[in-house]
Each structure stands twice: as C-alpha cells, then as structure tokens.
Amino acid sequence: MTRKNFKQELQDEVFPIIAKSAADIGIDCYVIGGFVRDLMLHKKIPKDIDIVAVGSGIALAKKVAEAIPGKPKISVFKNFGTAMIRHKALELEFVGARTESYQADSRKPFVENGSLFEDQERRDFTINTMAISLNQENYGDLIDPFDGIKDLKQKLLKTPLEPNITYSDDPLRMMRAIRFATQLGFTIQDESLLAISSNRDRIKIVSKERIIDEFNKILLSPVPSVGIVLLHETGLLPLLFPELKALQGIEEIEGQRHKDNFWHTLEVVDNISKATDNLWLRWAALLHDIGKAPTKKFDKKVGWTFHGHEFVGSKMVYKLFRRLHLPLNEKMKFVQKMVRMSSRPIILAEDHITDSAIRRLVFDAGNHVEDLMTLCEADITTKNPRKQQRYKNNFKRVRNKIVEVEARDSLRNFQPPVSGEEIMKTFNLKPSREIGIIKEAIKEAILEGEIPNDHDKAFEYMLKKGEKLGLKVNPKR
Ligand code: CTP
C-alpha cells in the first residue's frame with residue numbers, strides 16, 4: 001500500500017510559510033515535479049523545489065518572499081509567468097497552473113490559466129506529475145491522478161497524455177526521457193519510444209544549450225551507453241552527433257575487417273565512467289575515435305589504417321563543440337588534447353618503455369598526464385583476457401615510471417632552467433635565432449636524459465652549445 005500523506009516529509013520551514021501565504025491570498029498550491037519524484041524514490045531531496053499555484057505563481061512568490069525572514073530577493077519572469085526565490089540553499093520556483101497549447105515551430109507555449117489536473121496532464125512523465133498539497137484541508141496529501149507512483153515502482157517512463165502530443169508539445173522531452181532512463185535506470189514505454197522516433201526531427205526547434213544540458217546528464221550517469229544507445233535507436237543520434245553515427249559499421253575487404261568503432265566508443269565511455277566523474281574526460285572518451293571515419297583506408301599490405309586520426313579528430317572536436325554551443329574555452333582544449341594524444345601511451349605500453357619516452361609524455365601532457373592514462377586504460381576493450389591483462393600491466397608500468405621520472409625531473413609544467421635573458425647576457429646577444437636554438441637544445445638534452453632538469457647542469461650545457469655555435473662568452477657578464 002502506498003502512503004497517501006507526506007506531511008512528515010515536508011520538513012523544511014519554507015513549506016508552512018508557502019502554505020500560509022497561499023491561504024492568505026486565497027489560492028491553492030502544491031509541490032510538484034522533481035522534488036516529489038525524488039522524495040518517492042528516497043533519493044537526496046533536490047535543492048530546487050517547484051511550486052504550482054492554482055492562480056498567479058508570481059503573486060504567490062511575492063507573498064512568500066515577504067513572509068520569509070530576511071525578505072529574500074525575488075526574480076520574476078513575466079513572459080513565462082514564473083518567479084524564483086533563493087532562500088538558504090533552496091531555489092523555490094513558482095508557476096501558475098496552466099493549460100498549454102504549443103505552436104508547431106517553437107517551444108514557447110501559449111499559456112492559459114488552468115486547474116491542477118490540467119497542469120499535471122501537460123507535464124512530461126507521469127512520475128513528474130505527482131503533486132503534494134500545501135493546502136490546509138489536505139496538507140501533505142499526494143495528488144497523483146496519473147498513477148505516477150505505480151510507474152515509479154515499475155521503473156517506467158510514461159507520458160500522461162498520448163506520447164505524440166507530449167513530445168510534439170515540447171520536443172526537449174525526448175532528450176529528457178532518454179536522460180531519465182539513463183540516470184534512473186528506468187525503461188521508456190514502447191509507445192513513447194515510437195513517438196520519439198517519429199517526432200525526432202522536431203529536436204531542431206530546441207536550443208543547443210538545452211539539448212547539451214540533457215546530454216551532459218546522460219554522460220554523467222553511471223552507465224552512459226544506455227542513453228547513447230537509446231539516442232541511436234530512436235534516430236536522434238545522427239541529428240545530434242553525425243560524427244559518432246559515422247563510426248558505426250564494419251567493413252570487410254579481402255577478408256580483413258576492422259572493429260566497429262561506434263560500439264567500441266560506447267564501451268570506452270562506460271569504462272571511463274567507472275574511473276572518473278570528470279565530465280570533460282568523459283567527453284574525451286566519447287570523441288577519442290571520431291577521426292577514424294574520415295581517415296579510414298584499406299592498404300593491401302597492412303590492412304585497415306586510420307593514419308592521423310588523432311589529429312583529425314582533435315580538429316573535429318572544435319567543429320562539434322562550436323556547432324553544439326559547447327564551451328570553446330580550456331574545457332574544449334582539454335578534450336582536444338586528450339583526443340590528439342589518445343594513442344601516445346598505447347604506443348608506449350606496446351614497446352619497451354624508455355625513460356626518455358616517458359619524459360616526453362609528461363612534458364607534452366603536463367598536468368593532464370593522469371587523465372590521459374585514465375583514458376587509455378578505458379580504451380582497452382579487447383575480449384582476449386591475456387591481451388587485456390598484458391595491456392593493463394603495461395599501463396601500470398607506465399604509470400609507475402611517470403611517478404619515478406617525475407620525482408627526478410619534475411617535468412610537468414616545464415620551465416626552462418636557463419632563461420632566454422641569461423643566455424643573452426652570457427653571450428652578449430640581442431634577441432636572435434641562437435637563443436631559440438640553445439633553449440631547444442637544453443630542453444631536448446633534458447628530455448633525452450643527457451642532463452638533469454637543473455640550472456647549473458643546464459648552464460654548463462648551454463656554454464658547450466654556445467661554443468659549438470661559435471658564440472663568445474661575455475667577460476663582463
Ligand atoms: N517539465 C516538463 N517538461 C519539460 C521540463 C519540465 O513537463 N520539458 C516539468 C516536469 O513536471 C518536471 C518539472 O517541470 O518535473 C520541473 O522540471 P525540471 O526542474 O527541469 O526537472 P526535474 O523534474 O526537477 O528534474 P531534474 O532536477 O533532474 O532536472
């Protein structure tokens with residue numbers, strides 16, 4: 001038996017304040033949406049609380065803001081008929097109950113005042129339609145006309161109205177369905193899945209930012225491939241990420257096949273998600289092979305090749321980020337760097353591991369060397385247990401060597417031990433090509449292990465190099 005009253009759970013002091021404010025202005029109001037859903041799921045209660053008022057949400061918000069000690073600021077969004085109050089850690093979102101009819105080419109609804117029921121049936125999924133009353137006569141009662149609680153128990157995502165209406169009303173919900181399925185481990189009802197497929201083109205009217213918001217939540221879920229497979233099955237994937245779709249498929253020439261890089265990528269994303277919550281590292285895993293589609297070639301001697309796919313892939317990252325309005329800042333540069341360097345440790349782990357190769361890896365990857373190793377470890381998807389173990393062991397050795405070389409040479413964020421200024425002073429030089437040559441030679445000598453990363457040894461080396469270049473030491477330096 002499901003409990004019907006949740007007064008006990010309305011612990012926060014704001015609930016009675018909201019209830020009294022609504023009573024004072026003579027309207028009914030309810031907590032609805034994510035708060036109620038997560039409460040029923042016994043999950044951590046979210047910080048944003050949606051309140052629906054049968055009447056003006058803005059008027060209720062104003063009344064509540066006056067009643068809360070300290071009179072917090074209120075943000076009013078007149079066009080949407082909503083208002084928001086930040087109070088302590090909470091974000092209280094007020095909206096008037098509405099019946100909405102959407103226009104064919106826009107997500108902006110025509111809003112008319114409606115009853116609670118009309119508001120509930122215009123929401124996305126039955127599990128999000130559940131409301132808890134804040135009214136005196138039935139304070140704490142669960143109002144659940146679409147039996148969201150049943151779907152919650154069955155882990156089912158179902159729309160309150162005919163799915164075509166719900167998705168066509170607001171196509172962002174197609175992404176939300178897939179996001180909730182991935183985040184909560186729920187199943188999307190078959191009719192709903194079909195409706196997503198047939199309405200997929202309407203995703204075009206949704207802003208890139210909102211799509212990415214949902215996609216990032218998919219990527220941050222415990223097993224992101226669940227959502228990516230759903231995007232694939234509903235046909236949304238090629239509309240959002242044609243680069244990933246292009247990785248799908250296996251070609252065979254002269255009996256030689258390459259692996260399906262799409263399914264491989266999904267494995268890599270799931271693997272990395274066990275090791276890190278870093279969203280951008282997960283993006284790097286998702287995109288690490290996108291350069292493989294445009295660089296794929298068949299060579300009679302060596303079979304399938306993807307020469308330079310890392311470099312091509314890192315260029316594609318920029319285009320993809322720009323198209324999807326992802327940040328074009330250091331986050332993107334990090335993803336590009338991971339994609340560009342994604343094969344480096346693999347080559348290392350296959351070969352004999354030399355100190356100088358490790359030094360170059362640390363030098364090039366800098367502070368991101370551990371992230372790069374995490375990506376490469378996630379990239380091991382061979383089903384051959386012996387090979388898998390061998391690669392893992394090799395990567396472990398690479399990691400140990402990194403620590404060892406680091407302790408000796410501190411190459412991360414490398415600063416030249418002898419500055420350009422010192423070189424100029426020593427040889428009485430004006431800014432010139434020679435300074436670059438000497439600096440590069442010192443760096444190479446350190447990476448090759450000829451000298452340690454140390455000022456005095458580098459200075460000595462500089463004197464020798466200068467002599468070779470025919471430079472004279474300035475006696476007055
Ligand atoms: N909603 C909807 N259609 C949308 C977005 C939201 O019907 N496209 C409704 C749902 O009832 C939802 C509520 O508005 O529960 C609040 O939306 P939001 O805060 O975006 O999501 P939550 O459900 O709270 O979930 P989360 O916090 O995980 O995003």
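A pocket is here an open set of grid points, on a 1 Å grid over the protein atoms alone, with protein on both sides within 12 Å along at least five of seven lines, and its volume is the space filled by probe spheres set on those points. With that in mind, and remembering that this is a predicted model, start at the second largest pocket, which holds about 620 Å³ of space.

Colouring the lining by class gives seven nonpolar, seven polar and 10 charged residues. Next, show helix H13 (261-275), helix H16 (309-323), helix H18 (344-350) and helix H21 (385-409), each of which supplies at least two residues of that lining; H18 gives the most, with four residues.

Now move to helix H19 (residues 355-365) and helix H20 (residues 369-378), whose axes are 8 Å apart and which pack at an angle of about 110 degrees. Because angles of 65 to 115 degrees count as roughly perpendicular, H19 and H20 are described as roughly perpendicular to each other. To see where these helices touch, select Leu361, Val362 and Ala365 in H19 together with Val369, Leu372 and Met373 in H20; by class, this contact has six nonpolar, no polar and no charged residues.

Finally, zoom out and colour by the domain assignment, which gives domain 1 (7-154), domain 2 (156-240) and domain 3 (420-468). Between the centres of domain 2 and domain 3, taken over C-alpha atoms, the separation is 58 Å.

Definitions and conventions. Residues are numbered from 1 along each chain as its sequence is written. This is a predicted model: local features need pLDDT of at least 70, side-chain atom pairs count only at pLDDT 80 or more; totals for chains, interfaces and linings use all residues. Side-chain values use heavy atoms; hydrogens and water are left out. On a 1 Å grid over the protein atoms alone, a cavity is a set of points where a 1.4 Å probe fits but cannot get out, and a pocket is an open set with protein on both sides within 12 Å along at least five of seven lines; lining residues have an atom within 4 Å of a point. Ala, Val, Leu, Ile, Met, Phe, Trp, Tyr, Cys and Pro count as nonpolar, Asp, Glu, Lys and Arg as charged, and the others, Gly among them, as polar. Axes are lines fitted to C-alpha atoms, for helices over the stretch in contact, and angles run from 0 to 180 degrees between N-to-C directions. Angles under 35 degrees count as roughly parallel, over 145 as roughly antiparallel, 65 to 115 as roughly perpendicular and the rest as oblique. Contact means heavy atoms within 4.5 Å. Domain bounds come from an automatic or database domain assignment.
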